[in-house]
Protein chains: 6
Amino acid sequence: MKLSARNVIAGKVVAVTKGVTTAHVKIEIASGRLITSSITNEAVDDLDLKVGDDVSAIIKSSDVLIGKE
Amino acid sequence: MKLSARNVIAGKVVAVTKGVTTAHVKIEIASGRLITSSITNEAVDDLDLKVGDDVSAIIKSSDVLIGKE
Amino acid sequence: MKLSARNVIAGKVVAVTKGVTTAHVKIEIASGRLITSSITNEAVDDLDLKVGDDVSAIIKSSDVLIGKE
Amino acid sequence: MKLSARNVIAGKVVAVTKGVTTAHVKIEIASGRLITSSITNEAVDDLDLKVGDDVSAIIKSSDVLIGKE
Amino acid sequence: MKLSARNVIAGKVVAVTKGVTTAHVKIEIASGRLITSSITNEAVDDLDLKVGDDVSAIIKSSDVLIGKE
Amino acid sequence: MKLSARNVIAGKVVAVTKGVTTAHVKIEIASGRLITSSITNEAVDDLDLKVGDDVSAIIKSSDVLIGKE
């Protein structure tokens, strides 16, 4: 499936932390460069997400802010 | 200012395209790796965003989906 | 690719309206029931979205509000 | 109150799962078709959300991604 | 209709700027304190939004970042 | 750092509630007017957020819905 989201960034899962309903997943997209994702526990189970998995971080352009010094 | 957003990714502006109200900005975060951001024209003007600027793409963890093959 | 998003709703494109940078796409998910999506023109071109296409509307659970009378 | 959100989808609550701070609510919008919403526990209490309630799932157009095979 | 969104802030419309598909609306929530909203032109027409209207800016808690000096 | 987000609202933290992974923070932006933010526990720790802190609630324009009676 091709996605409308402009940002599909390949990486590897380095941490999965589940709460009661919500999980946080850390994805390494380059050496030492992490993206954190907050998703449902249900999604973690459904995708069987675990450390070492090859995944993509997917971000809609309208969810990207810009900061400038 | 320190931000709660877990994802603050440094990069360089490589394209700014303004519409009537909404602009699209492309940020190179690594060689050949682009992040697209959709923001208001007003923000582009306010930050004086232009090609070559050093900026950060800022993304809240709850806005990051995960895809797995 | 399997997605973490809990809401993947199949439908058919019934309208595509492009602005200068941002497009609005209407997807019929059941007879007379429409979902509107606002995406980049670039995504419309990249997916070659046009009326009649079978697509999915994808929505992260954290982007769903609830209203109750 | 009339809302700017283009997507207001009527349904019935079929599950409410509370975590420590965040709850997941499942809404049946058609036979066998569920929408999952992640909201604060506080909202669940404030709206007194429970299985069987008639509610609306409300989604802003800019939060709808499109996928195409 | 009662909303799950924790942030419903009353104000008055002070500007409406339409693009080809997307509009920007400025709402004064206190003297000199503005909130900007980016919505579809269709929503502006549907709600007949114009300067002077009493409205609410509605924001889901998961869309609020925090910054600290 | 200057932000593209159009809505940066100054206030004071009046409550911090941590769940297992996700925290809710209440910010008073005017007497009796609260904004609720849902962020990661990690962000709360990283910013050392506590009651009494001067902070800003930061909201992207595309995340603001409008309601009109």
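How far apart do the closest C-alpha atoms of chain C and chain F lie? They lie 9 Å apart, and no contact joins the two chains, where contact means heavy atoms within 4.5 Å.

The model is predicted, so that local features need pLDDT of at least 70 and side-chain atom pairs count only at pLDDT 80 or more, while totals for chains, interfaces and linings use all residues. Residues are numbered from 1 along each chain as its sequence is written, chains are lettered from A and ligands numbered from 1 in the order in which they are written, and side-chain values use heavy atoms, with hydrogens and water left out.

**Exercise 1. Describe the fold and surface of chain A.**

Step 1. Chain A holds 1 helix and 6 strands, and from the N terminus on they follow the order β-β-β-β-α-β-β; helices (H or I, at least four residues) and strands (E, at least two) are DSSP runs, numbered from the N terminus.

Step 2. Along the principal axes, the C-alpha atoms of chain A fill a box of roughly 35 × 30 × 25 Å. Of its 69 residues, 62% count as buried, a term that means under 20% relative accessible area, with exposed meaning over 50% and partly exposed lying in between (1.4 Å probe, protein chains only).

Step 3. Chain A exposes about 2,500 Å², of which carbon and sulfur atoms supply 50%; accessible areas come from the Shrake-Rupley method with a 1.4 Å probe, and for residues only the protein chains shown count as cover.

**Exercise 2. Work out how chain C is related to chain D, and chain A to chain B.**

Step 1. Two copies of a chain are related by a rotation about an axis and a shift along it. For chain C on chain D, the rotation is 180° with 0.0 Å of shift along the axis, and the RMSD is 0.0 Å, which means that the two copies are related as by a two-fold rotation axis. Copies are superposed by least squares on the C-alpha atoms of residues with pLDDT of at least 70 in both.

Step 2. Of the residues of chain C, C:Asp63 comes closest to that axis, its C-alpha being at 3.2 Å. Because 100% of the interface residues of chain C are also interface residues in chain D, the copies meet through the same surface.

Step 3. Chain A is laid on chain B by a turn of 180° and a shift of 0.0 Å along the axis, with an RMSD of 0.0 Å. In chain A, the C-alpha nearest the axis belongs to A:Asp63, 3.2 Å from it.

**Exercise 3. Locate two salt bridges and state the exposure of their partners.**

Step 1. A salt bridge is a side-chain nitrogen of Lys or Arg within 4 Å of a carboxyl oxygen of Asp or Glu, and the structure holds 54 of them over all chains.

Step 2. F:Asp46 and B:Arg6 meet in one, at 3.1 Å from N to O. The pair crosses between chains, from helix H1 (residues 41-46) of chain F to the loop between strand S1 (2-3) and strand S2 (7-18) of chain B. F:Asp46 is partly exposed at 36% relative accessible area, whereas B:Arg6 is buried at 16%.

Step 3. Within chain C, C:Asp45 forms a salt bridge with C:Lys18, the closest N and O atoms being 2.5 Å apart. C:Asp45 lies in helix H1 (residues 41-46) and C:Lys18 in strand S2 (residues 7-18), so the pair ties together parts that are 27 residues apart in sequence. C:Lys18 is partly exposed, with a relative accessible area of 38%.
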